[in-house]
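Biologist: Please show me the model, and then I will ask how its parts got their labels.

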Amino acid sequence: MVRTLSQPAAADALLSDGSTVTIRPLEADDHAAVLDLHANRMSPGNQRMRFFAMSRRAPELCADRLCAPTRAGFLALGCFVAAGLGEEELLGVVEYDVDSQRPMVAEIAVAVADSRHHLGVGTLLIEHLVHAALDRGVRIFEAEALSENRAMLQVFHDLGLRVERHVEGPEVRVVVRLDERDETYLATLDERAAGADVLSLVPLLHPRSIAVVGVSERAGSVGHTVLLKIRAGHFEGPVWAVNPHAATIDGLPCHPSVAALPGVPDLAVVAVPADQVPQVAVDCGRLGVRALVVLTSGLDRQQSRKLLDACRRHSMRLVGPNCLGIAQTDPAVRLDAQFGAVVAAPGSAGVAVQSGGVGIALMERLNALGIGVSSFVSLGDKYDVSGNDLLQWWEHDRRTELAILHLESFGSPRAFARTARRVTRTIPVLTVDAGRSAAGRRGAASHTAAAATPTVTRQALFAQAGITATAGISELVETAALLHAQPLPGSTGKVAVVSNAGGIGVLAADACSESGLVLPELPAELARKLLAVLPQGSSAANPVDTTAAVSPEALATAVALLADSGAVDAVLLCLAPTALGTDPVRELLSTPARRTRPIAVVRLDQRAPVDYLTTQDGGRLPCYADPQSAARALAHATDRARWLAQPSADVPRPEGIDRKAAVAVVDSFLSEHPEGGWLDPVATARLLDCYGLPLVPSAWATDLHDTVEAAGTLAPLGHEHRVVLKAYWPGQVHKSDVGAVRTNLHGREAVRDAYRGFVRDFGDRLAGVVVQPQASPGTELFAGMVQDQVFGPLVLFGMGGTAVDLLDDRAARLAPLTTTDIRTLLTSPHGAPLLFGYRGAPPADLDALEDLLSRLSALASDLPQLTDVDLNPVIASKSGIACVDARLRLEPRPAPDPYLRRLRRLPDAHEE
């Protein structure tokens with residue numbers, strides 16, 4: 001049967017021209033608008049396309065059906081845009097009606113006003129209808145269209161889903177498979193979303209005119225400061241000031257209100273008191289302003305909601321509130337609308353921060369290096385424009401070569417990860433991994449939850465998306481200096497250290513090793529060439545000691561030999577000051593800097609943490625004040641090279657999965673336990689079996705007789721087979737910690753004694769026992785999953801057994817896992833060599849382990865109600881794998897849809 005659910009919530013989204021619309025279910029009050037759409041705003045030809053014939057009654061009958069009271073198996077959505085004072089215009093509608101004979105199939109129809117074609121209205125409506133239909137058990141859409149209705153047929157073709165066409169005379173029946181959404185569909189959605197997003201940001205980051213609302217006459221006030229900086233930066237378009245109490249400010253005429261402006265600004269910078277912000281936003285929207293930067297802080301919940309509602313209603317993108325402002329250094333714009341003391345210097349680094357103080361520090365350091373910024377956005381409280389939006393802008397602006405983010409929170413981590421994974425293929429994305437000391441969300445409710453701290457989850461996101469995550473601002477800038485000026489190293493991490501003093505060479509070697517880099521022994525021929533140019537007493541080991549007597553010419557030759565040798569991926573030149581009167585890098589700066597391998601310099605007498613040495617051909621060598629900084633920068637560059645070297649990967653979908661049966665298990669459990677909880681052993685085994693996860697054969701018994709009989713069935717007691725008994729009661733956490741496991745039992749008496757021991761130790765708590773054959777020996781592993789309410793499902797893998805928490809040897813990746821993610825999970829733990837034939841031992845069945853992780857990923861992705869999975873231990877050997885114990889927890893929670901395009905809405909009070 002089709003599940004009947006409440007009506008979908010209204011959602012805001014962007015059309016392909018960047019304007020904002022609202023998608024919501026149609027209601028009785030929409031009847032007149034729906035009738036007008038079909039009768040007056042569609043040409044006779046398009047009416048015939050929709051209704052297959054001309055009929056005066058058809059529009060009215062359609063409006064009656066679409067706006068009728070809610071009924072099971074039917075849903076109609078409308079796409080609305082603000083039109084005038086308190087009014088809205090209906091741009092299009094979509095409906096589905098479930099086939100009573102086929103409850104998983106629904107007939108759909110779409111209609112769009114003639115004046116709103118080619119804006120993506122129909123596509124957006126269908127995407128939201130797909131989301132709602134899947135929630136209600138619908139798996140197939142069918143639609144009929146006239147064969148001449150090419151536009152509608154093209155909409156279905158471009159959805160990114162599997163579409164079948166069946167020609168039936170003058171009509172075409174279209175069949176759309178909803179439950180086959182995959183990475184291809186996501187990529188199609190992302191492409192549509194990116195185009196709309198970038199266009200919506202043009203008024204914000206490429207405005208032609210600006211109004212500063214709330215300009216005080218008082219020098220040093222926020223509004224006054226921003227106005228002065230905009231004018232000092234020589235913004236190319238008109239600049240208007242709004243102040244009802246002043247005629248002019250610094251020679252610029254003031255206007256009493258937004259409505260009194262002589263033109264319509266693209267962008268309004270708002271610096272009025274918090275209680276005035278919502279009305280200013282409404283006034284801007286009515287005038288036609290397309291973007292707001294709200295500097296004001298201290299808005300309460302009601303003010304915040306009114307502000308965002310005004311922006312959504314009037315298609316305005318919003319930065320802030322509580323932000324420092326924005327800057328755009330494009331020569332066609334030259335906008336500096338932020339009240340920090342630093343002037344944004346032109347450059348190629350895109351910067352987005354939530355903290356204004358961090359933004360000021362970053363701009364100062366980038367300016368000092370000569371990198372500068374392409375655009376700077378202080379996101380503040382991030383009600384609307386986010387780091388994801390800025391990544392998409394930088395991807396397309398043709399000026400940004402380096403993206404820098406400082407994000408304290410993620411509005412949509414899954415969308416952010418997909419965007420970042422695409423953007424980092426072309427430009428480096430750097431961030432500060434803030435909040436690393438945060439404790440885990442829930443003590444030790446499970447091994448997985450204990451391991452899935454915010455740091456682990458966030459770092460998994462960064463690693464999968466190819467983001468360079470640094471420990472602080474200084475490390476970020478030091479890394480940016482290298483990535484901006486030097487080629488990437490190879491992916492092996494091999495570094496040659498060259499120094500004019502043995503001590504600094506040793507320090508640099510240690511720093512490289514601590515950062516995960518390798519100093520290989522140099523080939524004999526390369527060593528011979530080095531010794532031939534270096535002074536007597538030099539060493540051609542790695543690190544290379546040139547001695548203090550090295551001439552600039554010999555030093556430059558040695559560095560060039562190493563950089564061009566192919567034996568190393570990078571060269572780190574470390575110099576201590578001497579009194580010999582010559583600059584050791586003089587000759588190095590006179591040679592071409594653009595080599596295939598990066599060169600970094602360390603000068604112990606340098607005051608700045610990082611600076612550039614400029615070569616005669618205009619190239620730049622990053623120069624650091626200490627070896628640790630240089631080594632960290634090289635390590636980050638190496639990680640980026642490794643990430644870029646990874647082949648493209650798909651998300652595998654294992655065979656033999658019965659998602660429908662799994663959903664039935666989930667629904668049954670949550671109907672009996674509305675608050676959620678841990679599954680009992682029987683339900684656990686049933687759910688794992690739906691996904692083909694290899695739990696060892698088990699039997700459930702509730703008394704002594706059944707326990708002994710089950711043991712005899714699973715492991716014949718007359719032979720040398722042994723069994724394991726596990727006591728169970730509701731709410732149980734870790735069995736081994738409380739003595740609820742008896743292993744290596746042989747014979748009926750041993751089984752009886754173990755059961756009686758459970759009765760004696762646990763009394764009335766004992767609900768029953770799980771009986772299993774004793775597993776064969778192998779490497780004990782751990783695999784698990786935890787659902788993060790922000791980031792989604794996180795899969796963990798590592799060394800297992802009773803010491804799983806003590807060893808804490810695990811790797812993590814966010815689901816769904818690609819084939820690359822699966823290989824990374826298998827190879828990342830410190831104990832991974834045990835799986836690959838350590839010291840002559842037979843390797844584990846790696847294919848079986850890969851299959852286990854892919855099935856766990858599918859389980860996590862398909863069932864958002866599954867909040868915790870512990871598979872521990874999973875015993876791996878050359879003959880296969882076996883999961884010896886499993887714990888699963890379910891909670892009632894809605895399924896977040898990563899396939900739905902929508903803008904953020906502030907939560908209601910009961911949701912916060």
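Modeller: The model has an open sheet of eight strands, in the order β1-β2-β3-β4-β5-β6-β8-β7, with mixed pairing. The model is predicted: local features need pLDDT of at least 70, side-chain atom pairs count only at pLDDT 80 or more, and totals for chains, interfaces and linings use all residues. Residues are numbered from 1 along each chain as its sequence is written, and side-chain values use heavy atoms, leaving out hydrogens and water.

Biologist: Why do β1 and β7 stand at the edges?

Modeller: β1 (11-14) and β7 (162-168) each have a single partner strand, so one side of each is left without a neighbour in the sheet. Strands are DSSP runs of E, at least two residues, and helices are runs of H or I, at least four, numbered from the N terminus.

Biologist: What makes β7 and β8 a pair?

Modeller: Two strands pair if DSSP finds at least two bridges between them. β7 and β8 (residues 171-177) have seven, in the antiparallel sense, so by that definition they pair. Arg162 stands opposite Arg177 in β8.

Biologist: Which strands does helix α2 touch?

Modeller: Helix α2 (residues 44-51) packs on the sheet, touching β4 (88-99), β5 (102-112) and β6 (140-146). Contact means heavy atoms within 4.5 Å.

Biologist: What makes α4 mostly covered?

Modeller: Buried means under 20% relative accessible area, exposed over 50%, partly exposed in between (1.4 Å probe, protein chains only). In α4, 14 of its 15 residues are buried. Gly137, whose phi is positive, near 90°, follows α4.

Definitions and conventions:
Axes are lines fitted to C-alpha atoms, for helices over the stretch in contact, and angles run from 0 to 180 degrees between N-to-C directions.
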